[in-house]
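Trainee: Please take one part of this model and go through it closely. Then place it beside the other parts that can be described.

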Amino acid sequence: MFSSLTSSFASRGREPVRVELARPETSFLAMIEPRTPGIDAVSWCRQHAGLLKETLHQCGSLMLRNFSCNIEGFEAIADLFATAPSSRRGQVSPRHQVQGTVYTSTDLPQNHGICQHQEMAYDLFPPRYIMFYCKTAPLSGGETPVADARELYRRLDRRLIERFTREGVLYLRNFPPDSPYQSAEETFLFEDRAELDRYARDHAIDCEWVDDAYLRTRQHRSAIAVHPDTGDQTFFNLAHLWHWSYIAEVATAFSAALADKVRSTRGQDQWYNAFYGTGEDIEQSAIADIHGHYGELEVAIPWQEHDILIQDNLLSSHGRRPFDSKREILATIRGPWSTPYTGPLALI
Ligand SMILES: [Fe+2]
């Protein structure tokens, strides 16, 4: 199938392009480059929108390289896939608006890598697409490695997949008044409790006020997705990222004291944690297994200016490697998808 797509691109384009797999031994991540650098990305993508979508379904992620494109063009290309921007409410990663629907990819400290994840997989309406644009390439490091969620689903232990399929994942978040991270207000963007209550009801979030200034939330979600267009089953959850053991790692980027606090806090007071849908602990060995397989599947392409990375958020994941120079990677997140809700909340 992939070869038919490459020949379609080559023969239909006014300006011929080269379409290659980043790793020829897999069908994941297509690299699309004009044979003559600098042709206009927007007009080329408009002309080939159908084939781009077909290739995205096949390969999970696409990178457009050596086209001419600015931020406005990046937004126009994103519009070809889905015009509706995804809501920022409930997001874990801090980011700020650059223009229109374009935001910084993340404002998390640059000295810490971010593990593979699918954008907002904990949300009831997670995005269908996430797209990145390289405004300034880092001198070294700072890649946005990507991985194949279908292949991860195939590789993981069947008993873990069966349990995740049956029970889903329960996500726990605590917002104590002295939280070192985003407050509840900054996360859910509400001005009063009535507004939060409405949002929480519509998004199947269980809110518990520990005291007047301390919110605790629980979200029970599916852990496996069935792609609405391809029918593929994919790993689609962030248990490995929300698990306290990974949060302790992330906390080290802020301070050693915070990391110690995360490691020493247990039960329902943990800053973030993920459980099986019944509320039982996920074994650390299972979390390590997920991280390990992701590590094997990662494909990291060093950024070049004007690169555009397009991801089907259900079929592929992304992360970020540390860096120590200027790096401007922008993102637009599009097209909400409604996940099947797995059932009543299990209290822990
Ligand atoms: Fe992300």
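**A strand with two partners**

Mentor: Strand 9 pairs with strand 11 (residues 214-221) over 7 bridges, in the antiparallel sense; strands (E, at least two residues) and helices (H or I, at least four) are DSSP runs, numbered from the N terminus, and two strands pair if DSSP finds at least two bridges between them. The model is predicted, and local features need pLDDT of at least 70, side-chain atom pairs count only at pLDDT 80 or more, while totals for chains, interfaces and linings use all residues. Residues are numbered from 1 along each chain as its sequence is written.

Helix 8 (residues 193-202), by contrast, is hardly covered, with 1 buried residue among its 10. Just after helix 8, A204 has a positive phi of about 50°.

Another sheet is open and has 3 strands in the order 6-16-8, with antiparallel pairing. Strand 6 (114-117) and strand 8 (146-148) are at its edges with a single partner strand each, so one side of each has no neighbour in the sheet. On average, neighbouring strands here are turned by 15° against each other, direction ignored. Strand 8 is joined to strand 16 (residues 316-320) by 3 bridges, and D148 stands opposite S316.

Helix 10 (residues 244-251) and helix 11 (residues 256-264) have axes that come within 8 Å and cross at roughly 170° (lines fitted to C-alpha atoms, for helices over the stretch in contact, with angles from 0 to 180 degrees between N-to-C directions). The two helices are therefore roughly antiparallel, the term for angles over 145 degrees. W244, I247, A248 and A251 of helix 10 meet L258, A259, V262 and R263 of helix 11, contact being C-beta atoms, placed from the backbone, within 7 Å. The contact residues divide into 7 nonpolar, no polar and 1 charged.

The domain assignment gives domain 1 (1-68) and domain 2 (152-292), with bounds from an automatic or database assignment. The C-alpha centres of domain 1 and domain 2 are 36 Å apart.

Definitions and conventions. A residue is buried if 20 or more other C-beta atoms lie within 10 Å of its own, exposed if 12 or fewer, and partly exposed in between; C-beta atoms are placed from the backbone. Angles under 35 degrees count as roughly parallel, over 145 as roughly antiparallel, 65 to 115 as roughly perpendicular and the rest as oblique. Two residues are in contact if their C-beta atoms, placed from the backbone, lie within 7 Å. Ala, Val, Leu, Ile, Met, Phe, Trp, Tyr, Cys and Pro count as nonpolar, Asp, Glu, Lys and Arg as charged, and the others, Gly among them, as polar.
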